[in-house]
Amino acid sequence: LASRDPPRIHRLDESVVNRIAAGEVIQRPVSAVKELVENSLDAGSTSINVVVKDGGLKLIQVSDDGHGIRCEDLPILCERHTTSKLSAFEDLQSIKSMGFRGEALASMTYVAHVTVTTITNGQLHGYKVSYRDGVMEHEPQAIAAVKGTRITIENLFYNMIARRKTLQNSVDDYPKIVDLLCRFAIHHKNVSFSCRKHGAASADVHSVATSSRLDAIRSVYGVSVAQNLIKIEASDANPYSSVFEMDGYISDSKYSAKKTTMVLFINERLVECTALKRAIEIIYAATLPKASKPFIYMSIILPPEHVDVNVHPTKREVSLLNQEVVIEKIQSTIELKLRNLSEASTYHEQE
Ligand code: ADP
Ligand code: MG
């Protein structure tokens with residue numbers, strides 16, 4: 001075997017490359033929903049409705065009332081690396097939208113059947129067009145439409161046998177999709193969200209736009225969560241450590257749960273940060289007598305140049321400059337809040 005001639009190297013077919021890349025961007029049904037909802041938010045929508053069939057494998061449909069897509073852009077809409085959001089690499093530093101790579105819709109067309117219905121402001125009718133492997137399957141058809149965009153994803157992973165089988169054999173993604181929309185709904189409190197199973201009479205997430213964060217949390221996570229929350233805020237303007245602002249709600253000593261719920265937005269992006277989550281859990285375990293796992297909603301704003309958004313294919317994680325400093329500051333803010341709480345309650349008990 002050692003003396004065998006080396007195998008020849010050849011270029012992969014473009015369709016193979018695209019399908020492999022697509023499988024990384026769209027890892028499972030919930031990742032498709034996240035990309036579609038983020039597009040709707042980027043389009044300035046105030047109402048976003050999601051319908052799901054078979055955990056998203058059969059159908060995912062996201063309808064919004066955003067600015068819509070121009071008819072003349074439809075031919076390249078689902079090509080890889082076509083976007084209205086980014087031009088130069090440097091723009092990544094100041095990007096306000098959640099999308100920037102122009103890969104989500106393209107990816108979906110490589111692993112599913114995608115249909116787009118859209119209308120822009122002031123038009124008499126909208127357009128409907130279907131895509132496969134990055135290209136339009138036919139000329140856009142004129143169609144009656146009210147406002148915004150509806151994107152339908154059918155038969156996700158139809159051409160990725162292993163992925164489809166694995167997903168079919170495990171618990172479906174519907175609970176993950178519901179969870180995702182709950183998270184978006186409490187952060188984007190001015191947007192109304194709904195999520196339902198295809199054919200179901202009632203929605204499993206139904207949030208109404210509100211100006212109060214606590215109302216948003218109450219409508220999504222229920223009274224039992226909302227009544228046991230306290231507001232937190234922190235900021236640090238020391239230019240030599242890290243400039244950041246944080247605000248949110250954390251559970252008090254009356255809240256009880258077996259698992260931590262951590263809804264974290266950094267610079268308006270829904271992300272995960274295991275280190276921060278652990279750090280907060282430690283404070284709860286050390287400070288509150290009955291160690292319940294906490295509920296945390298937190299929004300952190302950092303200078304854009306301190307956040308690298310391009311470290312993960314699903315954009316699920318970001319990397320932060322001075323992460324330790326940020327985490328320590330948040331830890332001490334929460335610790336102080338919880339200590340004040342428990343002192344206040346011991347005081348009451350002594351009365
Ligand atoms: P990205 O979001 O990174 O730009 P996408 O593939 O997700 O890439 O979307 C490509 C483009 O399609 C977006 O830049 C945007 O202009 C347009 N688009 C996608 N979804 C919507 C939507 N729901 N409403 C309006 N425009 C949309
Ligand atoms: Mg996008």
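Two residues are in contact if their C-beta atoms, placed from the backbone, lie within 7 Å. Helices (H or I, at least four residues) and strands (E, at least two) are DSSP runs, numbered from the N terminus. The structure is a predicted model, in which local features need pLDDT of at least 70 and side-chain atom pairs count only at pLDDT 80 or more, while totals for chains, interfaces and linings use all residues. Residues are numbered from 1 along each chain as its sequence is written, and chains are lettered from A and ligands numbered from 1 in the order in which they are written.

Helix H3 is mostly covered, with eight of its eight residues buried; a residue is buried if 20 or more other C-beta atoms lie within 10 Å of its own, exposed if 12 or fewer, and partly exposed in between, with C-beta atoms placed from the backbone. The buried residues of H3 are Ala104, Leu105, Ala106, Ser107, Met108, Thr109, Tyr110 and Val111. The cover over them includes helix H1 (14-25), H2, strand S3 (113-119), strand S4 (126-132) and S7.

Two packed helices are described by the angle between their axes and the distance between the axes. Axes are lines fitted to C-alpha atoms, for helices over the stretch in contact, and angles run from 0 to 180 degrees between N-to-C directions. H1 and H3 pack at about 115 degrees, and their axes are 8 Å apart. Their crossing is left-handed; this term applies if the near helix is turned anticlockwise from the far one by less than a right angle, and right-handed applies if clockwise. On the H1 side the contact is made by Asn18, Arg19, Ala21, Ala22, Gly23 and Val25, and on the H3 side by Ala104, Ser107, Tyr110 and Val111. These residues divide into six nonpolar, three polar and one charged. Ala, Val, Leu, Ile, Met, Phe, Trp, Tyr, Cys and Pro count as nonpolar, Asp, Glu, Lys and Arg as charged, and the others, Gly among them, as polar.

Helix H3 (104-111) and helix H2 (29-42) each supply at least two residues of the shell around ligand 1. A residue is near a molecule if its C-beta atom, placed from the backbone, lies within 6 Å of it. Ligand 1 is surrounded by 22 residues, of which Asn39, Thr83, Ser84, Gly99 and Ala104 are the closest. The shell consists of seven nonpolar, ten polar and five charged residues.

The crossing of H5 and H6 is right-handed. Cys182, Ala185 and Ile186 of H5 meet Arg213, Ala216, Ile217, Val220 and Tyr221 of H6. By class, this contact has seven nonpolar, no polar and one charged residues.

Two residues other than glycine have positive phi values: phi is near 65 degrees in Phe157 and near 70 degrees in Glu268. Phe157 is in the loop between strand S7 (148-154) and helix H4 (161-169), and counts as buried because it has 23 C-beta neighbours inside 10 Å. Glu268 is in the loop between strand S12 (261-266) and strand S13 (269-270), and counts as partly exposed because it has 14 such neighbours inside 10 Å.
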